[in-house]
Amino acid sequence: MAHSVREIRALYLLQVAIVCLVVVVCMLGLSAADGDFLFAGPTVLAILIALGAIAVSSWITYRAAKRMLMPVDWLLQQVGRWDPRQPDTRALSPERIPDVVQGDARKMADALHGLGQRVDAFVARERDFTRDASHELRTPLTVVRMATELIAGDDGLSDRSRRSLARIQAANATMESLMEALLLLARDESVQLESEDFAVRDIVEEEIEKARVMLEGRDVSLHAQFDDSPELHAPPRVLKVMLGNLLSNAVRFTDAGSIRVRVGSDRVVVEDTGIGMDAEELARAFEPFYRADASQVGGGLGLSIAHRLGRRCGWPLQLESVPGEGTRATILFGTCIQPD
């Protein structure tokens, strides 16, 4: 039986023992006060009848309490067997519930079964969406990328057209990386990340070139400083999206001055001389669509996605900022979290 039933049984036995002891002492006390012999027949008979009545009534109470707890006890046993990552609610289907489970316990079992079915349906939809989106979104992006590569080979393009084409290619590459990042976040954490060996310098240089396109015509310098050349075994697109979002954010909020990307042995730091953030804005910087500068139109998901990707991959994202002086964002490298 469950722990609760054992407690009731122990409580029942303790109650019977205490009451019996009290009855015996009281009856013997009354017998001695009346001057009767200690073990006279009527005294012993009265004690036995009292003890028997107490035992019977206590037993009836115990059985009633046990019957009341059995449905809840059965339900707790079924729920206790669930795997939190993939609960199996088939045992709570109406045809499998014992007849003894009635009343509030039956309502709770039906509610848990319905909740389990909704969770299963949600997981199935999420899995189907991730699979379909992975295929259907890649196809048009691949078409755009191949088409822009063919157009880039046309020697008759003007400089203006080539700049526009470069923007299209950069935006398409960003969309591909962003799609991969969103699909990664949509997957369950038990799904193993697709990792490979790559040099951080390659990712940094690629993202810096994309950011330069966004800075054309603006009085903002952008350069990189490589204090070390770390190599990682991790999903490279995660770093692309995180760094790309940090650079995009720095470009967006820096009207003049500089943006610097510094690579160390265990981190990548993005520093800008933009508008900066105060303590309240910094505390909310990772909220989706939050915008610190009221003059900016709308917010975005950049920092929110970068933060969530960092947690997913074991790369904490840290922000430091001073209003009017700029912001420093740091990606600290660690070992990507992989399921056992």
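Select Arg 201 and Phe 226: the charged end of Arg 201 sits over the ring of Phe 226, 3.9 Å from the ring centre. A charge counts as over a ring when NZ of Lys or CZ of Arg is within 6 Å of the ring centre and within 35 degrees of the ring normal. The model is predicted, with local features needing pLDDT of at least 70 and side-chain atom pairs counting only at pLDDT 80 or more, while totals for chains, interfaces and linings use all residues. Residues are numbered from 1 along each chain as its sequence is written, and side-chain values use heavy atoms, leaving out hydrogens and water.

Next, select Trp 315 and Phe 333, whose ring centres are 5.5 Å apart with planes at 70°, so the pair is edge-to-face. Rings of Phe, Tyr and Trp (its six-membered ring) pair if their centres lie within 6.5 Å; planes under 30 degrees apart are stacked, over 60 edge-to-face, the rest tilted. Both Trp 315 and Phe 333 are buried (under 20% relative accessible area, with exposed over 50% and partly exposed in between; 1.4 Å probe, protein chains only).

Trp 315 leads on to the largest nonpolar core, of 41 residues, where Trp 315, Val 200, Leu 247, Ile 259 and Leu 309 have the most contacts. Such a core is a set of buried Ala, Val, Leu, Ile, Met, Phe, Trp, Tyr and Cys residues joined through side-chain atoms within 4.5 Å. Apart from this core lies another of seven residues, including Trp 74 and Ile 97.

Finally, select Asn 172, which at 6% relative accessibility counts as buried. Beyond neighbours within four places in sequence, Asn 172 is in contact with Leu 141, Val 144 and Arg 145 (heavy atoms within 4.5 Å).
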